[in-house]
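Open the model in your viewer and keep the selection tool at hand. This tour goes stop by stop, from the whole chain down to single side chains.

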Amino acid sequence: MGLCFPCPTEPEPGSPSPEEKRAKLAEAAERRQKEAASRGVLDVRSVEEKRKKKEKLEKHIATSGPPPAGGLRVISFSTRT
């Protein structure tokens with residue numbers, strides 16, 4: 001039958017330092033967030049491009065100032081890159 005205790009001649013495995021443990025936990029959390037963000041997405045690159053384009057549009061709207069008297073803004077973007 002098996003033993004419940006380690007062999008007395010084997011050294012006890014050391015536990016990682018708190019810094020190492022913290023770094024591993026942070027790495028695992030980042031990996032989970034990255035996986036969750038890409039879950040269900042077939043083309044990650046196109047999603048990133050759309051996100052960047054949306055951020056660029058929001059930044060342009062924020063810096064363009066108040067809309068003219070009619071209340072509508074005209075935003076001209078070149079669709080060709």
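**Stop 1: one pair of side chains.** This is a predicted model. Select Arg45 and Glu49. The two form a salt bridge, with their closest N and O atoms 3.6 Å apart. Both residues belong to helix H2, which covers residues 44–63. They sit four residues apart, about one turn of the helix. Is Arg45 buried or exposed? Arg45 has 63% relative accessibility, so it counts as exposed, the cut-off being over 50%. Glu49 comes to 47%, so it counts as partly exposed.

**Stop 2: a linked trio.** Stay in H2 and select Glu48, Arg51 and Glu55. Salt bridges link these three residues in a network. Take the Glu48 side first. Glu48 and Arg51 form a salt bridge, and their closest N and O atoms are 2.6 Å apart. These two residues are separated by about one helical turn because they lie three residues apart in helix H2.

Next, look from Arg51 to Glu55. Their side chains meet in a salt bridge at 2.8 Å, N to O. Here the spacing along H2 is four residues, again about one turn of the helix.

How exposed is each member of the trio? Glu48 has 34% relative accessibility and counts as partly exposed. Arg51 is partly exposed too, with a relative accessible area of 37%. Glu55, at 43%, also counts as partly exposed.

How many salt bridges does a search of the whole structure find? The search finds three.

**Stop 3: helix H2 end to end.** What span should its 20 residues have? At 1.5 Å a residue, they should span 28 Å. The end C-alpha atoms are 29 Å apart, which agrees. Then step past the helix to Gly65. This glycine follows H2 and has a positive phi, near 85°.

**Stop 4: helix H1.** Select residues 18–38, which make up helix H1. At 1.5 Å a residue, its 21 residues should span 30 Å. Colour H1 by accessibility. The helix is hardly covered, and the count of buried residues among its 21 residues is one. Move on to Gly40, which follows H1. Its phi is positive, near 85°.

**Stop 5: the whole chain.** Zoom out and select everything. The protein chain has two helices and zero strands. Of its 81 residues, 1% count as buried. The area comes to about 8400 Å². Carbon and sulfur atoms account for 58% of that surface.

**Last look.** Then set Arg45 and Glu49 beside them, the pair whose closest N and O atoms are 3.6 Å apart.

Conventions. Residues numbered from 1 in each chain as written. Predicted model: local features only at pLDDT ≥ 70, side-chain atom pairs only at ≥ 80, totals over all residues. Heavy atoms only, no water. Buried < 20%, exposed > 50% of the residue type's maximum accessible area, 1.4 Å probe, protein only. Areas by Shrake-Rupley, 256 points an atom, 1.4 Å probe, with all protein chains shown as cover. Salt bridge = Lys/Arg side-chain N within 4 Å of Asp/Glu carboxyl O. Expected span 1.5 Å × (residues − 1).
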